[in-house]
Amino acid sequence: MKQVDIVIVGGGPAGLAAAVAAYDNGIKDILILERDEQLGGILNQCIHNGFGLHTFKEELTGPEYADRFIRQAAQRSIPYKLNTMVMDISRDRVVTAMNREDGMFQLQAKAVILAMGCRERPRGALNIPGYRPAGIFSAGTAQRLVNIEGYMPGKEVVILGSGDIGLIMARRMTLEGAKVKLVAELMPYSGGLKRNIVQCLDDFGIPLRLSHTVVEIEGKEHITAVTIAEVGADRKPIKGTEERYTCDTLLLSCGLIPENELSTSAGVTLSPVTGGPVVNESLETNIQGVFACGNVLHVHDLVDYVSEEAAKAGETAARFVRGEIAAPAKSVVLKAEGGVRYTVPSTLDPDRIGDKLTVRFRVGDVYKDAFVSVYFDDERIAHKKKRVIAPGEMEQVVLTGKQLSEHPDLQTITIKIEGE
Ligand SMILES: Cc1cc2nc3c(=O)[nH]c(=O)nc-3n(C[C@H](O)[C@H](O)[C@H](O)COP(=O)(O)OP(=O)(O)OC[C@H]3O[C@@H](n4cnc5c(N)ncnc54)[C@H](O)[C@@H]3O)c2cc1C
């Protein structure tokens, strides 16, 4: 069996940034395995701009952003295999993959980086009554059809769910000549970024109906209309609020799920909240030498943070291969409380964080003029006011090595939202 220092599963922005960082940290024997016919991941179908403001201080399209990292990998001659599906990862880091040239093959990796991205929540999970006619697409599928394949799914569109891909597709379909009648969102707040609501809906006069859902789909062969209704606090439709919209297309943008079938079969522990692996400060899973980053770890709002996080995974995987990372000696638990849904990482070893550690999290509701507080056991060590904190936007706090060294007996770090 061929031995490889680091095998990276997925050649999207996370896989690429991890590969570049691992290489720059001294490990040259790297292999990226990508099931698609090109590197770049889902960004290849995101032809709108707005990527890279943090990383490159420029506004790039998705393919341009991906290209920056593809070039960095090419400059370092980092090997990759395209059209290669990883089928299995074992607990002892044997990676089984398949492609047309090599057939089925196995690699013994010293470290594995999981960078498989995420997928869209399918309609089947949504329980909308009615037939199953043609004309219903996930927003990502429609994005691929329009931006890569050159097909328009339809002309009269209703969008269910206000995640970022749905918002982006409302604008794209409008620019391509379709009439987008409305975006209906079950929750009382949007799941997308504020900037996307402004630039993709408000600028095009597309209404966003919060606390609304689709309650009926009409059409047997092809969708002809949908009925939406307002929902109450229990998320159940309120009788008498129904409105019917004729349409030939219904796009679903109802959330993303980390792509973790491989992680599960490898024995990686998953978080019930994020659906991604539970990791420590080194972005290492419960299986030593298996690291995770990007959307397979938790769904990010901006790809810039994916790249930043993935670089950290690449760096720590390289240190693991060099034998510089042993099993954690100490484990401080990070707790999400008071509106905070989860934290990544969920444990840390204070001796392994170096100068600083970025802890990322999301909240479960909209908070205005609230504080993000950090507690070391019972002592509040940070308390920062924010004008708005919303579920659609990822938040972060930075912990420093100095703070941790001043609390040698620390057991638990709690991150919570407080009113004052
Ligand atoms: C449909 C869709 C549209 C999006 N649009 C936007 C947007 O407009 N703006 C934005 O900021 N973010 C968008 N995102 C979020 C975007 O996914 C992230 O910003 C970023 O692309 C995540 O990088 P990643 O490398 O973690 O995942 P991805 O870009 O998804 O890359 C993961 C890669 O892993 C590969 N892979 C998965 N499983 C295997 C396997 N078993 N074997 C081999 N390879 C495998 C995939 O083919 C893919 O290339 C979108 C996400 C989706 C799903």
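A polar contact here is a pair of N or O atoms within 3.5 Å; within protein, one must be able to donate a hydrogen and the other to accept it, and residues adjacent in sequence count only if both atoms are side-chain atoms. With that in hand, here are some notes for a first look.

1. **Ground rules.** This is a predicted model, in which local features need pLDDT of at least 70, side-chain atom pairs count only at pLDDT 80 or more, and totals for chains, interfaces and linings use all residues. Residues are numbered from 1 along each chain as its sequence is written, and side-chain values use heavy atoms, with hydrogens and water left out.

2. **Domains.** The domain assignment lists domain 1 (1-119 + 255-327), domain 2 (122-254) and domain 3 (328-420); such bounds come from an automatic or database domain assignment. Between the C-alpha centres of domain 1 and domain 2 there are 31 Å. Their contact draws twelve residues from domain 1 and 14 residues from domain 2, where contact means heavy atoms within 4.5 Å.

3. An oxygen atom of the ligand lies 2.9 Å from a polar backbone atom of N295. For A115, a polar backbone atom is 3.5 Å from a ligand oxygen, and an N or O atom in the side chain of R35 is 3.1 Å from one. On its own the ligand has 970 Å² of accessible area, and the protein covers 94% of that (areas come from the Shrake-Rupley method with a 1.4 Å probe; for residues, only the protein chains shown count as cover).

4. **The shell around the ligand.** The ligand is surrounded by 31 residues, the closest being A14, E34, I42, H48 and N295; a residue is near a molecule if one of its heavy atoms lies within 4 Å of it. The shell splits into 17 nonpolar, eleven polar and three charged residues (Ala, Val, Leu, Ile, Met, Phe, Trp, Tyr, Cys and Pro count as nonpolar, Asp, Glu, Lys and Arg as charged, and the others, Gly among them, as polar). Both domain 1 and domain 2 give residues to this shell, so the ligand lies between them.

5. **S190.** Look for S190 in the loop between β12 (179-185) and α5 (194-201); helices (H or I, at least four residues) and strands (E, at least two) are DSSP runs, numbered from the N terminus. S190 counts as buried because its relative accessibility is 9% (buried means under 20% relative accessible area, exposed over 50%, partly exposed in between, with a 1.4 Å probe and protein chains only). The S190 side chain makes a polar contact with the side chain of S162 at 3.2 Å and reaches the backbone nitrogen of G192 at 2.9 Å.

6. H212 sits in strand β14 (residues 212-218) and is buried, at 7% relative accessibility. Leaving out residues up to four places away in sequence, H212 touches residues including A184, I228 and E243. I128, in the loop between β9 (118-120) and β10 (136-138), is buried at 5%. The C-alpha atoms of I128 and V215 are 6.1 Å apart, although 87 residues separate them in sequence.

7. **Backbone points to check.** Most residues other than glycine have a negative phi, and most peptide bonds are trans. Here, V344 and P345 are joined by a cis peptide bond, with omega about 5°. K57 has a positive phi near 55° and is exposed at 66% relative accessible area. N83 also has a positive phi, near 50°, and is partly exposed at 47%.
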